[in-house]
Amino acid sequence: MNVNQSAPPVPPFGQNQPIYPGYHQSGYGGQPGPAAPAYGAYNGPLPGYQQTPPQGVPRAPPSSGAPPASTAQAPCGQTTYGQFGQGDIQNGPSSTAQMQRVPGSQQFGSPMAPQVNQPAVLQPYGPPPTSTQVTAQLAGMQISGAVSQAPPSSGLGYGSPTSLASASGSFPNSGPYGSYPQSQAPPLSQTQGHPGVQPPLRSAPPLASSFTPPASGGPRMPSMTGPLPPGQGFGSLPVSQPNHVSLPPAHAVPPGSQMTGPSVPPPPMHSPQPGYQLQQNGSFGPARGPQPNYESPYPGTPTFGSQPGPPQPLPPKRLDPDAIPSPIQVIEDDRNNRGSEPFVTGVRGQVPPLVTTNFLVKDQGNASPRYIRCTSYNIPCTSDMAKQAQVPLAAVIKPLARLPLEEASPYVVDHGESGPLRCNRCKAYMCPLMTFIEGGRRFQCSFCSCINDVPPQYFQHLDHTGKRVDAYDRPELSLGSYEFLATVDYCKNNKFPSPPAFIFMIDVSYNAIRTGLVRLLCEELKSLLDYLPREGGAEESAIRVGFVTYNKVLHFYNVKSSLAQPQMMVVSDVADMFVPLLDGFLVNVNESRGVITSLLDQIPEMFADTRETETVFAPVIQAGMEALKAAECAGKLFLFHTSLPIAEAPGKLKNRDDRKLINTDKEKTLFQPQTGTYQTLAKDCVTQGCCVDLFLFPNQYVDVATLSVVPQLTGGSVYKYACFQVENDQERFLSDLRRDVQKVVGFDAVMRVRTSTGIRAVDFFGAFYMSNTTDVELAGLDEDKTVTVEFKHDDRLNEESGALLQCALLYTSCAGQRRLRIHNLALNCCTQLADLYRNCETDTLINYMAKFAYRGVLNSPVKTVRDTLITQCAQILACYRKNCASPSSAGQLILPECMKLLPVYLNCVLKSDVLQPGAEVTTDDRAYVRQLVSSMDVAETNVFFYPRLLPLTKSPIDNTTEPPAVRASEERLSSGDIYLLENGLNLFVWVGASVQQGVVQSLFNVSSFSQITSGLSVLPVLDNPLSKKVRSLIDSLRAQRMRYMKLIVVKQEDKLEMLFKHFLVEDKSLNGGASYVDFLCHMHKEIRQLLS
Ligand SMILES: [Zn+2]
């Protein structure tokens, strides 16, 4: 094979990208024509397609012959994911709401006092600030709140001027740092400890982001607030040093903090300031005893103002929420600092921009962060160091990630009959990390050091630097990501695969018919089948399709093109499933279009009067898998299923939902499948390359934990539409279905992660099956799925050679082409722990930790899982404190700059529905979310655990960019504004009670707040700038997410608001989840215990 012998001019490294399109023209890779951007054609729906209005016609339920009440009349009472609008909200007025009631406003009329910039830190170890200072500072804070706030509502105190927090939220337009004004003003207790202890900051500038203690008077954050005013005395403080905030000493924390106890009732409401009192003294959970002097002084201030300077006994410790690390600020900073330049992957160990930053990637030898993100880009050289730090070493890999249009899909390289060039010993694939020696006749493998001969047809001379002169012309020598065409050796049974098939398997039991689902689905499929994934420039998809309907029995359809009408074959022996027809079952859509259309027209009619309520499930999957086996191809089953499969058949299930198990040692059984049948079935599916996507439409418990086993183990997806109703849910369902059917999938895949000597992949998280310890088997892998891989040391690493990863995914493309996709990534190695902490990525850490915890609940009590996370987090931070930060007061919490959001994000994981369910969360919801998170990428887990909250009415209407987000806390809501909240699955529009009438009119087309329909799921289409802006924002958010987010309009103080508040993750949650501030205090206490 010598197609690669021609030698195009060698471009400079930085310009290699542009010439790649020439690969194919110049015969590289032997790909005829422009095959490289193979996925371009199906990277998304064709324009206009998604806009096609749903064509389903809701069918009214049969008016007679209602089926047995046990199933058909199943109540839909549980509030479920995505079904919030219809949930039966049982919560009365919330205790949280009570707690957050804000007392009368305090008007501080003076402008921002200059004194606010006089941080107590200027007087280290000195006397506490005088009361005047405190007052002035307080005044400064309050003013900023009062200026832009609407008057406090008479009810819940959203964003009233007394809320410091909302003050910052009200300055979205004051620049990226606008939300920090309050941090200048210290919290009220000025007396504690050694406020001036800042050395860690100065001594480890790039590393630390420590916290301003309430005690220290909250020094102004130089980097966050812009240039320091003169005379600040911060000259020696590096500008890059952000918020140095220390927590109060945790002296008052009683042993056995209760924050982990899920059943702990919400603490008594002591004060009108949400979350303030409860964490004073660093205490957690229920407030310990009365805390006199506190409530009244704070809101009322006068007491404070007249406090004599000396510290009070037991001074109230409060953390200013604005002085603790803000996710919004970190995200904004990263966008501002790293969003404008492309991320060039040529340098080893570079930490990429955050997932929340829009940036372009230039592949110069390492895989794009869209494909691989790591918890750290600098790995400790020894396992001892790694154990000390407790920072998980993991990579989140999304092998088939969709790229933005501006970035080229991986080039396909064809090495001909000899196949891809690999290391003889470790089998790593040729990549830019290999070193050519002996004039180019041999190469040394960077993974195992083996020296290999270069085959004659691959030989090329080296330049004076030892690089092959054709390095920049070959993707596998210059890029981080590329593909190889696989030879027959890489195929099952040494046979090139057939194109895959899609089989649509539709529940036609009473429930499916009654809700209109079957009619809607059949109507949609008629057009959707034209949008099956296609390869490159192919005119039509190579994917064949087949159809099955079922209830207690299965109906197969012969849709052979030569037939005038489809033929049905019924298989009632579900215990011994077989496929009654081969010829005519899997067909080409275009060839059989007439018959298929006829079938899809007939199915809703055929079963219109069904009274069958029972369904089978395992036999359906079995049938689909057998059909693929008979056709000798891989493929995907699309199952549309409505109920617990109670009909007599393999995989029959019983209702075993039992919420009483929550918080017991048996809670884990709620997440485990109730029978082993499905694991066995899944294993067979994987062998066949049969991936299962499951669309559930339950009216009641369906045992998602069991039904999702096969999708989970075959790389499939689960979608759940509780209490499905066509009129409410069709948009969401059809949108998900269209995306799911069209997305890029690799079939019959095996993924292997190779590493250089010293570390190895030891654990894997995601939707796949493993029959040995190294190969991740994926019946299907789509563009959204990620696999998280954890690494451990097995030897000492070397700073010079670094640590290398190579992920190789062998798969069958939608056109039936067998390929290998290769991603390479080189990381640095360090002998100093500080380098580890300086190069971490918290979003990726959280992705790993969430998956680790969500898998842990299968085997351990949930409380144990939560405690493990907390302990690990504390160990990570304590190790930093001990080894990387300079000595300082124990009263300070010092966090590594790259991990300053670890506590807030971890707290969100801890109080998520899987680990700490609220009363409204069903067992199925938890199993569903657990399953979803297991394949999420870093961007998805980021927004899922910490939702985005966007003010809609604060910024100018003509502003086309996304409004700056505010922190997910009730304090940030102003009753005069409207906000949008999204987390990738849910989407809310929250309307404050005192929003201007004009705004209400513009957005909802009604004249007053009271006329807005609570629970509304569609905004009226109105021709005014605000309406257009909000609707287009919603569209763009939906387009960013993997699943369609159904909108729910929530009004302030409406009962639906409880659902919304569940997502305000910085606040204390009703089910006992700690507030951010409380959790930070708790974490501080844990760290101190570890250090003492
Ligand atoms: Zn090797």
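This is a predicted model: local features need pLDDT of at least 70, side-chain atom pairs count only at pLDDT 80 or more; totals for chains, interfaces and linings use all residues.
Reader: Is Leu-644 buried or exposed?

Author: To count as buried, a residue has to be under 20% relative accessible area. Leu-644 comes in at 9% relative accessibility, so the label is buried.

Reader: Which residues is Leu-644 in contact with, leaving aside its neighbours within four places in sequence?

Author: Contact means heavy atoms within 4.5 Å. With those neighbours left out, the list for Leu-644 is Thr-615, Leu-653, Lys-654, Asn-655, Tyr-701, Val-702 and Asp-703.

Reader: And how far apart in space are Leu-644 and Gln-700?

Author: In sequence, 56 residues separate Leu-644 and Gln-700. Going C-alpha to C-alpha, their distance in space is 8.4 Å.

Reader: What is the geometry of the zinc ion's site?

Author: The protein donors are the SG atoms of Cys-423, Cys-426, Cys-445 and Cys-448, at 2.2 to 2.3 Å from the zinc ion. Four donors need all angles between 85 and 135 degrees to pass as tetrahedral. Here the angles among the four donor atoms are 101 to 115°, which makes the site tetrahedral.

Reader: Which is buried and which is partly exposed, Cys-426 or Cys-445?

Author: Cys-426 has a relative accessible area of 22%, so this one is partly exposed.

How values were computed. Residues are numbered from 1 along each chain as its sequence is written. Side-chain values use heavy atoms; hydrogens and water are left out. Buried means under 20% relative accessible area, exposed over 50%, partly exposed in between (1.4 Å probe, protein chains only). Donors are N, O and S atoms within 2.8 Å of the metal (3.2 Å for Na, K and Ca); water is not among the atoms, so sites may look incomplete. Four donors count as tetrahedral if all angles lie between 85 and 135 degrees; four count as square planar and six as octahedral if opposite donors are over 155 degrees apart and all others between 65 and 115; anything else is irregular.
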